[in-house]
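We will go from stop to stop, selecting a few residues each time.

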Amino acid sequence: MSVFVSVRRSIWVTGFALATTAGFLAMSPWTRASAPRLSREALASAFDADMRHVVYEWDPGDPRPQSERRQALFDFMYETYDASAWIPQSVFDGNLVTQAVVGDVDTIVGEHVGLVLWRDNAQVKAFGMAPNVKSRDSDRAPLRWTVNCLVCHTAEIDGVAYLGAGTKVFDELWLGEALKRLTSAPWRSLLRPGTVDAALAADANRILQSHHHDKIDSLTRARSTAFAASHVELYMRPHNGVMPAFDEVGRGDVKTPPLWHTAAKMPAGRWYTDGSFHGPFPLMASSMELEKDRPFDALVQVVMPTIKAEFASVIRHLRPPRYPYAIDRTLAARGRELFYSNDIGCANCHGVYDGEGQVEWPGVHADVGTDRSRLDVVSDGFIEAFNGSPIAAEGSLVASHGYAATPLTGVWANYPYLHNGSVPTLYHLLGPVSERPGIFHVMAARRLDRQRVGQPLVADPRLAHLGESEWRRRFGNDRDWFNASRPGSGNGGHDVWPRIRTDANRRALIEYLKTL
């Protein structure tokens with residue numbers, strides 16, 4: 001589950017659907033027969049080596065010794081939230097998955113699911129996978145898997161894993177549908193009848209079917225409908241499992257924000273893309289555990305206390321990664337002048353930056369003409385359901401009139417832009433609204449466009465010459481492509497071109513933004 005700044009989940013994803021990924025990666029060619037039994041001690045001893053190529057920045061003002069920070073990060077990377085639902089390894093042994101889902105492992109994991117592989121980790125193959133090794137009894141228990149927030153809060157950019165960045169290509173809908181097939185009766189019958197693993201698989205299928213509402217299916221991969229999912233789950237508990245009607249739940253797909261924005265947002269105490277949750281921590285995220293059929297008591301006793309502890313030990317200390325390529329410092333200095341100038345005035349809404357990953361964020365939430373679908377998700381019915389939940393003791397849910405003027409720390413890695421990820425590059429965001437692409441390939445986001453800063457419009461260069469009209473004809477209904485004509489996907493608003501005025505100014509601002 002992705003539990004932080006984005007309820008994310010910045011993504012609706014059931015815990016079961018996510019856990020399937022662990023199984024995909026645990027089967028051939030990484031067979032358990034050739035690997036030692038996982039243990040917490042083995043994971044801890046290899047942790048430094050496993051993290052050697054993972055990019056993340058830590059608050060230099062954290063007074064704790066290195067050993068304590070390391071332990072906190074290790075615990076965070078393998079957190080299970082005392083999961084009540086696990087996917088047994090036996091579901092994935094042999095070639096059951098490739099028969100049920102169709103495709104080789106690399107294609108399933110890298111293209112269909114879109115996870116970030118943990119290439120240096122010989123025991124856990126993707127970020128966000130969490131095995132049942134937390135307790136001493138786990139040494140005797142069969143291997144099982146769940147997932148945590150890093151499934152959605154790790155991104156690959158130019159072949160490098162960035163811890164805390166919002167996912168670029170993960171497709172939870174595809175994964176959920178695959179798991180429904182895998183745990184359905186025809187395939188489940190291949191497990192040994194009467195075993196605990198067979199019962200777990202049957203229960204997973206029941207939960208996947210009984211917790212599905214059409215409004216929580218994102219229209220584009222790597223976009224989240226988490227707030228809609230929260231509405232559904234909070235409504236179900238006092239209504240004996242009955243879901244709200246289709247028209248009572250809003251739709252507003254959003255992208256997953258980076259965890260390093262937490263440090264900037266904590267003083268304001270307003271969370272998520274619209275700032276609608278008011279409180280010390282973004283605890284709406286805890287409702288994602290309800291999708292695993294857990295009761296409200298689990299939120300109070302386990303999930304919310306764990307989220308608070310993770311904020312104190314890890315999340316609040318994460319800082320943005322530095323831009324990894326050359327920066328024209330002279331041009332960036334010119335961009336800085338423009339950023340803080342009265343004529344352009346970016347700092348008025350987005351804050352003041354020290355160039356070392358810190359920002360004095362003013363907490364502005366404003367209507368700048370962007371697609372308002374996500375704002376409308378926080379309806380009277382949603383607020384009523386929220387107020388009847390234990391999360392209401394930790395904060396309030398208040399409809400917002402506009403989206404957050406997001407902190408710009410690490411903005412180079414936080415593409416695509418706007419709350420719904422509808423603008424692929426900073427170049428397009430700062431230029432004329434009429435020139436923003438209406439369609440682009442989500443799968444291209446694993447590469448950085450260094451000139452325009454953001455993602456390329458297509459992953460396959462052979463498609464570039466076809467142009468937007470042909471892309472719409474071929475791919476307009478493909479969820480691997482972002483189409484601004486879909487509900488909640490509009491790319492208008494935040495029109496700053498009348499103030500920027502020239503391409504030279506735009507280029508200078510982009511160069512400065514690389515330094516934040």
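Start by selecting Leu-73, Met-77, Leu-234 and Met-284: of the 60 residues in the largest nonpolar core, these touch the most other members. A nonpolar core here is a set of buried Ala, Val, Leu, Ile, Met, Phe, Trp, Tyr and Cys residues joined through side-chain atoms within 4.5 Å. Buried means under 20% relative accessible area, exposed over 50%, and partly exposed in between, with a 1.4 Å probe and protein chains only. You are looking at a predicted model, in which local features need pLDDT of at least 70 and side-chain atom pairs count only at pLDDT 80 or more, while totals for chains, interfaces and linings use all residues. Residues are numbered from 1 along each chain as its sequence is written, and side-chain values use heavy atoms, with hydrogens and water left out.

Now colour the elements that give two or more residues to this core: helices H5 (66-77), H7 (105-113), H11 (226-236) and H17 (380-387), strand S4 (144-147), S6 and H13. The largest share, 6 residues, comes from H13. Helices (H or I, at least four residues) and strands (E, at least two) are DSSP runs, numbered from the N terminus.

Which residues is Leu-234 in contact with, leaving aside its neighbours within four places in sequence? They are Met-284, Ser-287, Leu-290, Phe-296, Phe-382, Ala-385, Phe-386, Ser-389 and Ile-391; contact means heavy atoms within 4.5 Å.

**Aromatic rings**

The structure holds 21 aromatic pairs. Rings of Phe, Tyr and Trp (its six-membered ring) pair if their centres lie within 6.5 Å; planes under 30 degrees apart count as stacked, over 60 as edge-to-face and the rest as tilted. Select Trp-271 and Phe-311: the ring centres are 6.1 Å apart and the planes stand at 80°, so this pair is edge-to-face. Because Trp-271 lies in strand S7 (residues 270-271) and Phe-311 in helix H13 (residues 296-313), the pair ties together parts that are 40 residues apart in sequence. Trp-271 is buried, at a relative accessible area of 0%, and Phe-311 also counts as buried at 0%.

Next, pick Phe-47, Phe-74, Tyr-78, Trp-118 and Phe-127, which form one aromatic cluster.

Two charges come next. The charged end of Lys-168 sits over the ring of Tyr-415, 3.9 Å from its centre, and Arg-374 lies over the face of Phe-227, at 3.9 Å from the ring centre. The criterion is NZ of Lys or CZ of Arg within 6 Å of the ring centre and within 35 degrees of the ring normal.

**Strands**

Select strand S5 (residues 154-157). Both of its faces are covered: Thr-154 and Glu-156 on one side, and Ala-155 and Ile-157 on the other, are all buried. S5 runs antiparallel to strand S6 (residues 160-163), with 4 bridges joining them; two strands pair if DSSP finds at least two bridges between them. Ala-155 stands opposite Tyr-162 in S6. In the turn of this hairpin, which has 2 residues between the strands, Asp-158 has a positive phi of about 55°.

Finish at the open sheet of 3 strands, ordered S2-S4-S3 with antiparallel pairing. Strands S2 (87-88) and S3 (129-131) are its edges, each pairing on one side only. S3 is joined to S4 by 3 bridges, and Met-129 stands opposite Val-147 in S4.
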